[in-house]
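Visitor: Could you walk me through this one while I have it open on the screen? I'll ask as we go.

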Amino acid sequence: MKRIIYSILIFLTVVTIAGAESYYRNGEIIELQKIQEPRVLSADHTQKEIMFFRTQHGTKVGVTNEILVGCKNDVNCIELFERFNVSEFTKLTPEIYVVKVDDNRSVFTLSRQLYESGSVLFAHPNFIKKRVKR
């Protein structure tokens, strides 16, 4: 009986993890659950597909195919990007880049891989935020 319960718990854990996406924030893994189908946003004569997720804390977030990457001072980010087959990126500051992920790769998978390489301070999806009047 214990074996059956143990097997069911393992199965449910694997199914739960497989259905979720995640990224690192301040060294902690943040789990996301997809909540609706992607939507296309048109702005400045460009189109971006936005996927919507809910964090483990209940916050709704929008994600595009871009990753914000902050490289450590002693790291050559361009060489790092070549290692991960990243060809499209924009330099925002000497250490911060926006990496564009092609349609065949997951923005979450690549952001985790970049973070886990130990060469970056942060690598997370470029989240879409709601405009707020100040």
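Visitor: Let's start with Leu121: is Leu121 buried or exposed?

Guide: Keep in mind that we are looking at a predicted model. In this model Leu121 has a relative accessible area of 56%, and because that is over the 50% cut-off, Leu121 is classed as exposed.

Visitor: Where is Leu121, then, in terms of secondary structure?

Guide: Leu121 belongs to strand β7, and β7 covers residues 120-128.

Visitor: And which residues is Leu121 in contact with?

Guide: If we set aside neighbours within four places in sequence, Leu121 is in contact with Gly70, Cys71, Lys72 and Tyr115. As for Arg25, which lies 96 residues apart from Leu121 along the chain, the C-alpha atoms of the two are separated by 10.0 Å.

Visitor: Okay, Ser119 next. Where does Ser119 sit?

Guide: Ser119 is found in the loop that runs between α3 (107-116) and β7 (120-128).

Visitor: Is Ser119 buried or exposed?

Guide: Ser119 counts as buried, because its relative accessibility is 14% and the cut-off for buried is under 20%.

Visitor: What does Ser119 touch?

Guide: Not counting residues up to four places away in sequence, Ser119 touches Cys71, Lys72, Val75, Leu80 and Arg83.

Visitor: Cys71 keeps turning up. How many disulfides are there in the whole structure?

Guide: A search of the whole structure finds 1 disulfide, and that bond joins Cys71 to Cys77, with the sulfur atoms placed 1.3 Å from each other in the model.

Visitor: Are those two cysteines, Cys71 and Cys77, buried or exposed?

Guide: Cys71 counts as buried because its relative accessibility is 2%, and Cys77 is likewise buried, with a relative accessible area of 4%.

Visitor: Switching to the strands: how does β4 pair with β6?

Guide: Strand β4, residues 60-71, pairs with strand β6, residues 96-100, in the antiparallel sense over 5 bridges. One of the residues involved is Val69, whose bridge partner in β6 is Tyr97. Cys71, the disulfide partner of Cys77, falls within the residue range of β4.

Visitor: What about β5 and β6?

Guide: Strand β5, residues 89-91, also pairs with β6 in the antiparallel sense, here over 3 bridges, and Thr90 stands opposite Val98 of β6.

Visitor: How many residues are between β5 and β6?

Guide: There are 4 residues between them, and the two strands form a hairpin.

Key: Residues numbered from 1 in each chain as written. Predicted model: local features only at pLDDT ≥ 70, side-chain atom pairs only at ≥ 80, totals over all residues. Heavy atoms only, no water. Buried < 20%, exposed > 50% of the residue type's maximum accessible area, 1.4 Å probe, protein only. Contact = heavy atoms within 4.5 Å. Disulfide = S-S within 2.5 Å. Pairing = 2+ DSSP bridges.
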